[in-house]
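I opened this entry to record what I looked up, one topic at a time.

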Amino acid sequence: MEKTLKLIQSLSSTAEKVEAMDFTVAVAKDDLRKVAEKLKAEGWDYLINLTAVDNQENIEVVYHLSKSSDMEKLLVLKTKTEDMQNPIVETVCDLWESAGLYEREAYDFFGIRFLNNPDMRRLFLRPDWVGYPFRKDYDNTPNEKFSTSVHDVASMENVPSITLNHHGEIEEKNVNLFDNDEYIVNFGPQHPSTHGVLHLRISLDGENVKKIDPHFGYIHRGIEKMMESMTYPQMLFLTERLDYLCGSINRHALCMCVEKAMNIEVPKRAVYIRTIFDELNRIASHLLGWACMCNDMGSITSFIYGFRDREKIMDIFQETCGGRLMVNYYVIGGVAQDLHPNTVNRIKEFIPYLREMIKEYHTLFTGNPIARDRMTNCGFLSKEKAVALGMSGPNGRASGWHCDVRKVAPYAAYGEVNFDEVLHKGGDTIDRYMIRLEEIEQSLRIIEQLIDKLPDGDFKAKVPAIVKVPAGEYYQRVENARGDFGVYIKSTGEKSPYRIKFRSPSMVAVSGLDPICKGTKVADLIMIGGSLDYVIPCIDR
Amino acid sequence: MKTYFKNLFSGIWNLLQGMRITMRNAIRKNVTECYPEDRETARQFERFRGELIFDINENNEHKCIACGLCQMNCPNQSLQVVSKMVETEDGKKKKVLEAYNWDLSSCTFCGLCTSSCAPKAIKWTNFFEHAVFDKSKLVKELKGDSKPVEKKAAPAPAPKKSDDSQVQQ
Amino acid sequence: MDFELVNLISWIDESLRDLCGDASWAVSLIEYVLIAIAFLGLYCVLALILILLERKICADFQCRIGPNRVGPWGLCQPIADMFKILLKEIITLKNNDKFLFFTAPFLILAGSLGTFGALQFGKGLVGVDFNVGIFYMLAISSLGVIGILLAGWSSDNKYTLIGAMRSGAQLISYEISAGISILTMVLLGGSLNLTDLIEGQKDSWYLFQGHIPAIIAFIIYLIAGHAETNRGPFDLPEAESELCAGYHTEYSGITFGFFYLAEYLNMFIIAGIGTMVFLGGWQPFHINYEWASGFNELMDYIPSYCWFVGKVFMLVLLSLWVRWSFPRLRIDQLLHLEWKILMPISLVNMLLMAGWVAYIAAQNN
């Protein structure tokens, strides 16, 4: 890492290392582009996250970078602009494709415009929204004059951008996304298979998809903004409302981030319980993902079977945690309650049952020639594209990208168990489909190993009554059922965070829809959407 | 030509395999939960967070000391502790609970209130049939006509005392 | 002792003739009206039965119970549904062709009713019977596709349009192989008249008479027929996970009810044609050997309409089983299956059948 620092300093004399938990380098705004290009060339090809922070006298942009070949490495690159009225930062979206949407989000919430980013529309909020709500000086008193009328379609397609002309002056441009004579179908926000309230505007040529323009924000709740006014224990319940299908894992990320920052050692029993419940949650999520994908392809019976078996996991959750979907189980320092006496037996009964059922799934659906024909050679995603889009998790692994955070940067009890990272080379829909079923088997393996070794002892560490995270910046990655989920906390030492940001693996999955689906049929789009397995509330936050 | 027929027949075979699975499941026991017929016998999990209630003992006494910690801890402001100061006989001032309002419609059942309640005055039950015809009925007053638990003399049961002392810290 | 309904019908006919005396036109008029009422009634009742059957069977395959609230075992559920659909508002759209929009459901219903009338429910229980009965059924059942196309086009909705276009491609393609496989059997029976065809299966059903070509034709007919009903793995025009509800997205109330009714009755009709052409219609199951004469007599005791309905429901059950087991095809796979697999096979199969028929004729001479 020192080498990287030297490299950065050779390009930018003002670059300096910042004391933080992760390796952080701050560079000047004007040098950012040079540094980014060099880092990309050096193999830092995976942009995990892009966060903007309003420090009141300046606005900071934080880039979390990693290498696709060596995911354990984490480099935090920071830059800032003092211009609060009209902040402009150069874009990196041509280097890392995933930056496109992140930069739109930063513009939406902080008003930072990114030079040369071809698409500077708002991402979540309406085009006619006034102000940038994540700025600290944003006036969030309810505006009674706010119009609730439907904004016209034209403003959705009108794409503004800023570039430098050859005089070095900033030039604003507006282009239309679609031609006038294109056949555009609104797919969502109310549609049976958008897995939430996603709105896709699809340009069709007969049955063939020409272009997809995703619109988010229909279920935007401002969770990150809400959290800025909540204490740490209070905000935990909101994490489960992000990606509600694997809520526990998200909650685990936030708990670990706070524990790491406060140096709380979690008792071993709690760590084991958390790992088991993470895996159960992953199984539940994959089962539902499988079921929904089958439903998207028209096999409703498989859908019901998936839900039937997921119900057993829900029962396990309910017995120990008292909740089903929103389990509210992990707390800072451990878990809320000890395991219920029945839980271990329930899990032990469940493992062979599910193995039997997975065989049935394979016979019923995987072996079905209709399904196989539809899934093979359809929706190809190359490894390079997956890395560029930041599409980690099962989707990335289906393209052969070794990106399981549980393997590359083991957390909780993952270092102590044997399991295989399921890798497929194909990158087709069938690989993404198979990988979920195979990961369920690996998760069962992990649970099987842990459930017998469950240590005795406390299930919760002693935590101060008022949780105050020491000032600084923290980032914690976990592998949730959809990929690399991350929590970024900037704390000033108060009892609520200064800025908190979640890295949503679903968002990158949706951003991959357009490149993957180009040229496929409408039916394939639905199927590929099912295979990418995104959850919209995680995107909208 | 050979592969054409091979694919054809293996395809038909696999289709039949799939049909075998559905038929096998047709014979299996149904998994539907017959609510409300099985209302009495339905499985209930003791930890299930269904409804917040006051832990009222057989003498119609509750343990709430109106400290307001639950209200402070609630992320959604769905709890409201109404209390007033009264003077006890020995001249000390003491908070007494007037009313305890729980707004079910904004509760997320996170359990921060029960876990922060030192005297264990509130607890969860399994009751889940919350449907009402009027939204205002979702705000429930939990105290009812119960009275605060009587402070016992010095050799009082140990657990209750320790509960009180915790709160005073 | 004979339970055939044809006795009842001839009794009605005779008593009407006695009543009216010379005015034979009045007899015909009354009988036409009676028959129409009987068919409409049967049509609706069958639809209700099929709807309930499908929901119950599908629930079984999915480890569920299915409708169980209205009446014992949910038996009255379809009646409740019917009233609900009748009472619902018919929503009219703003910028569409109203005439076509409301014509479409009637066209679909007309297509399916017309075919329904030509089914032979039992010995003498025939609504429409003339010398090109099969031809008539194939022709009139294709009316439905016009209705679907109109519905999709006139709804002024992109989803319905896609659904209608898919449906047009699908129905026209699959009519070919369904038609050819029926023609194969016509070759064997030597007549286009349904009564003759069924009469020809008195001793042994065509499925057995025709040996391998008949079995192949039967399988192809089942697949193609299933596709023609827009159900199961072939429900692309509706494709609820892709196109919401396909061509009938914008319909509500009874206009939607017509589509719904026609969909279920088409299932019955396709199974009915299959029964008449391959499984001997209302003819009982006979084993064509000397030693089985007792068994054959026993089979004869079961009334003919029971045989017909029984066979049809067997085929319907098969179609439900298929429907609830398989995922949906994609449009190119659908056309691939028809044009590259089913149609070539059925054409070759027809030649095979021709050879078989020639062989039998040579033997008989």
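I needed one cut-off before starting: I call a residue buried if 20 or more other C-beta atoms lie within 10 Å of its own, with C-beta atoms placed from the backbone. I also noted that this is a predicted model.

**Entry 1: a helix in chain A**

I began with helix H9 of chain A, residues 300-321. I counted 22 residues in H9(A). How far does H9(A) reach from its first C-alpha to its last? I got 30 Å, close to the 32 Å expected at 1.5 Å a residue.

Next I applied the burial cut-off. I found 17 of the 22 residues of H9(A) buried, so the helix is largely enclosed by the rest of the structure. I then looked just past the end of H9(A). There A:Gly322 takes a positive phi of about 90 degrees.

**Entry 2: the two domains of chain A**

I turned to the domain assignment of chain A. It gives domain 1 as 1-142 and domain 2 as 223-536. I took their centres over C-alpha atoms and found 27 Å between them. I then checked the contact: 21 residues of domain 1 of chain A meet 23 residues of domain 2 of chain A.

Which elements give two or more residues to the domain 1 side? I found strand E3 (46-54) and helix H3 (99-110) of chain A. E3(A) gives the most to that side, with 6 residues. By class, I have 11 nonpolar, 6 polar and 4 charged residues on the side of domain 1 that touches domain 2.

**Entry 3: chain C against chain A**

I moved on to the chain contacts. Here 22 residues come from chain C and 25 residues from chain A. On the chain C side, I listed the elements that give two or more residues: helix H7 (158-189), helix H11 (240-243) and helix H15 (331-364). Which of the elements gives the most to this side? I found H11(C), with 3 residues. By class, the side of chain C that touches chain A has 11 nonpolar, 4 polar and 7 charged residues.

**Entry 4: chain C against chain B**

I finished with the contact between chain C and chain B. It takes 10 residues from chain C and 10 residues from chain B. On the chain C side, helix H2 (24-61) and helix H14 (304-323) each supply at least two residues. The side of chain C that touches chain B has 7 nonpolar, 1 polar and 2 charged residues.

Conventions:
Residues numbered from 1 in each chain as written. Chains lettered and ligands numbered in written order. Predicted model: local features only at pLDDT ≥ 70, side-chain atom pairs only at ≥ 80, totals over all residues. Domains from an automatic or database assignment. Contact = placed C-beta atoms within 7 Å. Helix = DSSP H or I, 4+ residues; strand = E, 2+ residues; numbered from the N terminus. Nonpolar A, V, L, I, M, F, W, Y, C, P; charged D, E, K, R; others polar. Expected span 1.5 Å × (residues − 1). Buried ≥ 20, exposed ≤ 12 C-beta atoms within 10 Å, placed from the backbone.
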